[in-house]
Amino acid sequence: MQATLKSSVRFTGTGLHSGAAVHLVIHPASADYGIWFKRTDILLGDTMIPARWDVVEQTPLCTRIVNSAGVSVATIEHLMAALAGCGIHNALIEIDGPEVPILDGSAAEFVRAILKAGVVAQDTPVRAIEILKPISVERGDARAELVPADELRIDFHIDFVDAAIGQQTKGLNMANGSFVRELCDSRTFCRQADVETMQANGLALGGDPAENAVVFDGDKVLSPGGLRYADEPVRHKMLDALGDLALAGAPILGRYLGTRAGHALTNELLRVLFADPSAWRYVECDHQMAARLPGAGVHMAEFPAVA
Ligand SMILES: [Zn+2]
């Protein structure tokens, strides 16, 4: 069955790139509503933005969605991962600024609040997207792929010259609460050299290595307190992939393989998938299939102690 939250949950924080303070409220929504954002700071015109792959504007550093009136919300990926990982299919997200708050740089605070509010089953079955044949996209040495599988599995490989990151590979089946247990508290990361470039370009203005991002410089971790996991960067890339795949508009039954992939490439993968009607189909989930979806049976006891 589809699910929503039992009650609304509220967040206050700062946008990673804009540095602006923002308030965000996730409200329950009826079955088949999907996930929508509403900009409450804009009073005229269409302020509703669907959390969907076809309204994503290509941006290298975050996932930004824009409606036909030009109204946008940026950095939605960690919130989308939290909703998908907790098995929330329907929600209305009100936000009074252009960027979702970065909080601690992970999805942990969203997950904690959603699980605390509670997840409620609705009376309509989940419609999932079954991958029927392999689909892939490549850009330089980056690659993203979807192949048929009975459940959503995410495999990721990263390869950085910085010795403190290096090569990292991890794969997880997203069923059985593994997102909450193993991925939700892994924080966004970047390299010191990139921070300087981003800030010179007016980005990452809300970035703070002590608060919301892991900053690497060669063989050093600059953030106080160090890493939450030795392979925290690849875990975060998997978190991002789950959030970006959630923009398919329904849970995916298939295996995602990412190599040095990012937000833009995962979105391109969805565009290639939906352009090919022979590559996918909708399936109504029976009880057994629903039990294999991300978030099925997730509970607070699985929340990592570190976050
Ligand atoms: Zn991220």
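How many of the 14 residues of α5 are buried? The count is 14 of the 14, so α5 is largely enclosed by the rest of the structure. "Buried" means that 20 or more other C-beta atoms, placed from the backbone, lie within 10 Å of a residue's own.

This is a predicted model: local features need pLDDT of at least 70, side-chain atom pairs count only at pLDDT 80 or more, and totals for chains, interfaces and linings use all residues. Residues are numbered from 1 along each chain as its sequence is written.

**The listed site**
- An unreviewed UniProt entry lists H78, H236 and D240 under "binding site".
- Such annotations may be inferred rather than shown by experiment.
- The listed residues are spread over 163 residues of sequence, yet they cluster in space, with a largest C-alpha distance of 9.3 Å.

**H78**
- H78 sits in helix α1, residues 77–85. Helices here are DSSP runs (H or I, at least four residues), numbered from the N terminus.
- H78 is buried because 30 other C-beta atoms lie within 10 Å.
- H78 touches S106, A107, F110, L239 and G243, not counting residues up to four places away in sequence. Contact means C-beta atoms, placed from the backbone, within 7 Å.

**D240 and its helix**
- D240 belongs to helix α5, residues 232–245.
- D240 counts as buried because it has 27 C-beta neighbours inside 10 Å.
- Leaving aside neighbours within four places in sequence, D240 is in contact with E77 and H263.

Note on methods
Helices (H or I, at least four residues) and strands (E, at least two) are DSSP runs, numbered from the N terminus. A residue is buried if 20 or more other C-beta atoms lie within 10 Å of its own, exposed if 12 or fewer, and partly exposed in between; C-beta atoms are placed from the backbone. Two residues are in contact if their C-beta atoms, placed from the backbone, lie within 7 Å.
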